[in-house]
Amino acid sequence: MLKINNLSCQKGYNLLFSHLSFEVSSGDILHITGTNGSGKTSLLKILAGLNVQEQGTIFLKDYSVKSEDYQRAIFYLGHLPALSAELSCLENLRFLTTLNQSVKQPLLIDALKQVGLEDYEDEVCAKLSAGQKRRVTLAGLILSKAKIWLLDEPFTALDPQGVEMVEQYITQHCEQGGMCLFTTHQSSALKNQQVLAL
Amino acid sequence: MWKWIQAFASPQNFYQSSEKIIPWLMVPFILLSLAGLYWGLVVSPADYQQGDSVRIMFVHVPAAWMSLFVYVVMAVAGGIGLIWQIKLAFVVAKVSAPIGAAFTFLALITGSIWGKPMWGTWWAWDARLTSELILLFLYLAYMSLNNAFDNPKTANKASAILAIVGLVNIPIIYYSVEWWNSLHQGSSVSVSKVSMQIDMFIALMLISFAFKFLYGALVLMRSRDEVLVREQNSRWVRMLITGSEK
Amino acid sequence: MNIYLQTLTRDLHSAIHNLSSVLNPLLFFIISISLFPLAISPEASMLSQIAAGVIWVASMLAVLLSLNTLFHNDFDNGVLEQMVISHHSLPLLILSKIVAHWLLTGVPIILLSPLLGVLLFLDNESIKILMLTLLLATPSLSLIGAIGASLIVSIKNSGMLLSLLILPLYIPILIFASSAVSQAQSGLEIDAQLYFLATILVVSLMLVPLVSALSLKISLE
C-alpha cells in the first residue's frame, strides 16, 4: 500500500498544493486530474523520487522514497521519451529495461512487436514519429516488473488504437495486483478508476 | 539551542530581529575604521624600504583576508543550507558573494596601486595577487551560476555545491600558485613581505576588525532585502507592504 | 550485460553515430595549437619553450568544449531522469559516463599530442613527459568538468557558463602539468609534479561521482 501523508509542494515561490493525503492499494487505478499548473506532474515526480516535497511523507509499506526497495517498485513515464535519438529502438529499449531489470533479447523484440513496432528494432529513434517513440517507452513499461506505475500523460501522441492498448495494459496490470497513478487531459474510459482532483 | 536557531532562522523572525542588530555592527565598524586610519596614517611610521607606500597594506591585507573569510562563510552557509535545509543559510551565502567579490577586487586594486612604486608596473604575477585574481574568478563563477537558474531552490543548492567544490580547491590553488611563483621568480619584494612593527600590526588589526563588522552589517542588510523577495507570497510580507491582511 | 558497462558502451555507440561531436573538439585542439606559430613566431627555440603550455591550454579548452554534451543530450531526452530514479548507484552510472567521455576526448588528445609536440619542436624526451602528464591528468579534466556539466545541465545556452565554472578549478592541473614538461626540458626532476597530478586524479576519482550525482539530482528537481 502506498501511503501519502500531508504532502506539500512548492514550485519557485508558489505553493502548488498542500496537506495532500491519500492512499493507493493494490489494484487501484488513480486518475489525477487538475487544471494546468495545478501540480499533477510535480506530484508524480515527487512520487518517483525526482522532486523533493516541501513537507509530508511517502511510504510504500515501510519503505521511504529514497530506499532501494521503493525505487525498484516504481516505473515512471514522464513527458520525455527517455530515448536517445542516435540509437536504435532495440538498443534504447535494452538500456531502459536494464536500468530496471535486465531482460533477454527475445523478450525485448517480443515487447516491440506487442506495441506495434515489428521490424523497427534496428531503426534509429531519430527517424520515428512522436507516437512511435512513445510506443518504444511503453514497451519498456510492459517489460518492467515494477508494481507502481506513474504515468504522466501516457496517451499523448498516440492514435486511438494506441490509447486503447495502453488502457488495456493499465487494466491488466492492476488486475494482477499492481497500482497505477496517471494524469491525462483526454477523457479516459478506464473502468474502476478513482479520481484525485488537485 | 537547536529550537532557538530554527526560530531565529525563520524568515519572519530574522527580518524583525536583524533590524535591531545592524546598528550594533555599523557603529563598531565606523569607530574601528576611524581608529585604524588614525593609527595607520599618523601613528605608524613609514617603512624604511617602502616608504609611505607601505600604508596601503592597511587596506590591502585586511581586504585580502576578508576575501578568503567571506568565501569560507559562503561555502559553509551553503553547506548548512544543503544539509539542514535552512533557507536563511542560502540567503546568507547568496548575498555574501558580491560582498566577497568586492573585497577581492579591493585587494587586487590596492595591490596594484602598491605595485606601481614598488615594481614600477601596475601588475606583476606575484603569488598573492595571482591567487586573489583566481579567487575573484571563483566569486564571479558563483554569482553567474546563481543567476542562471529560473528556479530559486535549484539556484541555492547548485551554487552551494559550487562554493564547496571551490572551497576544497582553494588550498590546492593557493599552493600551486605559490609553487609556480617560486619556480619563475626569484625573491623579489612581495606584497606579503613587509617587516612588521607593533604600530603597523595594531593598525592592521583595527582595520581588519572594522571590515568584519562591515561585512556583518552588509550581510544583514542585503539578507533582509533578499528575504522579502523570497517570501513575497507569504502573508507577513504582504501585511508588511500593504499594512493589511489582503 | 552489467548496467554500468552498458552505460559506457551506450555513450560510445551514440558517439559513433554522431561522430562530429567527437571530432570537433579534436579538430579545435589541432587548429588552435597551429595558430600559435602564426601568431608568435615560427622559430624553433621560441616554440619549444611555449609548447607544453600551449598544448596543455588547448587540451583543456578542447575537453571543455566536449563537456557540454556529457549530460545535455540525456537530460533533453529524459534518460537522465530514468538514471536518477533507478535503483542502481547513480555515482557509478555517472562514473561510467565520465569514463566514456575520457575515452572519446582524453585518449585521442593523448594520441595526437606527439604529433603536435613535433610541430612545436619538442624533443622526444619531453614529448614522452608530455604524454605522461596528459595520461595522468586528462582523466581529472573529465572528472572535474563533470561537476560543472552536472551543475549547468538544466540551464539553456550554458556553454560560456561552463568555462567560467570549470577553468579556475583546472588551474592547479595546468600549473603542475605544464611545469613538469618545461622542467623536464631543462633536465630537472619532475617527481613532485607527477605525484601532485596523481593525487588530484585519485581524489577527484573518489569525490567527483558523489558530488556530480548530488548536483544532477538537484538539477532535475
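**Close-up views of a predicted three-chain model**

**View 1. The five-stranded sheet of chain A.** An open sheet of five strands in chain A has the order β6-β7-β8-β3-β9, with parallel pairing. At its edges stand β6 (74-77) and β9 (193-197) of chain A, each with a single partner strand, so one side of each is left without a neighbour in the sheet. From one strand to the next, the twist averages 15°. Helices (H or I, at least four residues) and strands (E, at least two) are DSSP runs, numbered from the N terminus, and two strands pair if DSSP finds at least two bridges between them. The model is predicted: local features need pLDDT of at least 70, side-chain atom pairs count only at pLDDT 80 or more, and totals for chains, interfaces and linings use all residues. Residues are numbered from 1 along each chain as its sequence is written, while chains are lettered from A and ligands numbered from 1 in the order in which they are written.

**View 2. Strands β7 and β8 of chain A, with the helix on their sheet.** Strand β7 (residues 148-152) of chain A runs parallel to strand β8 (residues 179-183) of chain A, and five bridges join them. Ile148(A) has Met179(A) in β8(A) as its bridge partner. Helix α1(A) packs on this sheet and touches β3 (29-33), β6, β7 and β8 of chain A; its direction makes about 150° with that of β7(A). Such angles run from 0 to 180 degrees between N-to-C directions, and axes are lines fitted to C-alpha atoms, for helices over the stretch in contact. Two residues are in contact if their C-beta atoms, placed from the backbone, lie within 7 Å.

**View 3. The four-stranded sheet of chain A.** Four strands of chain A form an open sheet in the order β2-β1-β4-β5, with antiparallel pairing. Its edge strands are β2 and β5 (63-64) of chain A, each of which pairs on one side only. Helix α1 (residues 40-48) of chain A lies across β1, β2 and β4 of chain A and runs at about 125° to β1(A). In a regular strand, side chains alternate between the two faces of the sheet.

**View 4. Strand β1 of chain A and its two partners.** Strand β1 (residues 2-11) of chain A and strand β2 (residues 14-24) of chain A run antiparallel and are joined by seven bridges. Opposite Leu7(A) stands Leu20(A) in β2(A). The hairpin of β1(A) and β2(A) has two residues between the strands, and Gly12(A) there takes a positive phi near 60°. With strand β4 (residues 55-60) of chain A, β1(A) pairs in the antiparallel sense over five bridges. In β4(A), Leu60(A) is the bridge partner of Leu2(A), and Ile58(A) stands opposite Ile4(A).

**View 5. A helix of chain A against a helix of chain C.** Helix α3 (residues 89-100) of chain A and helix α1 (residues 3-17) of chain C have axes that come within 10 Å and cross at roughly 150°. The two helices α3(A) and α1(C) are therefore roughly antiparallel to each other; angles under 35 degrees count as roughly parallel, over 145 as roughly antiparallel, 65 to 115 as roughly perpendicular and the rest as oblique. The crossing of α3(A) with α1(C) is left-handed; a crossing is left-handed if the near helix is turned anticlockwise from the far one by less than a right angle, and right-handed if clockwise. Glu91(A), Phe95(A), Thr98(A) and Leu99(A) in α3(A) meet Ile3(C), Gln6(C), Arg10(C) and His13(C) in α1(C). The residues of this contact comprise three nonpolar, three polar and two charged. Ala, Val, Leu, Ile, Met, Phe, Trp, Tyr, Cys and Pro count as nonpolar, Asp, Glu, Lys and Arg as charged, and the others, Gly among them, as polar.

**View 6. The side of chain A that touches chain C.** The contact takes 24 residues from chain A and 22 residues from chain C. On the side of chain A, α2 (68-73) and α3 each supply at least two residues, and the largest share, six residues, comes from α3(A). By class, this side of chain A has 13 nonpolar, seven polar and four charged residues.

**View 7. Two packed helices of chain C.** Helix α7 (residues 159-185) and helix α8 (residues 191-220) of chain C pack at an angle of about 145°, with their axes 9 Å apart. The crossing of α7(C) and α8(C) is left-handed. Their contact has nine nonpolar, two polar and no charged residues. Chain C as a whole has eight helices and zero strands.
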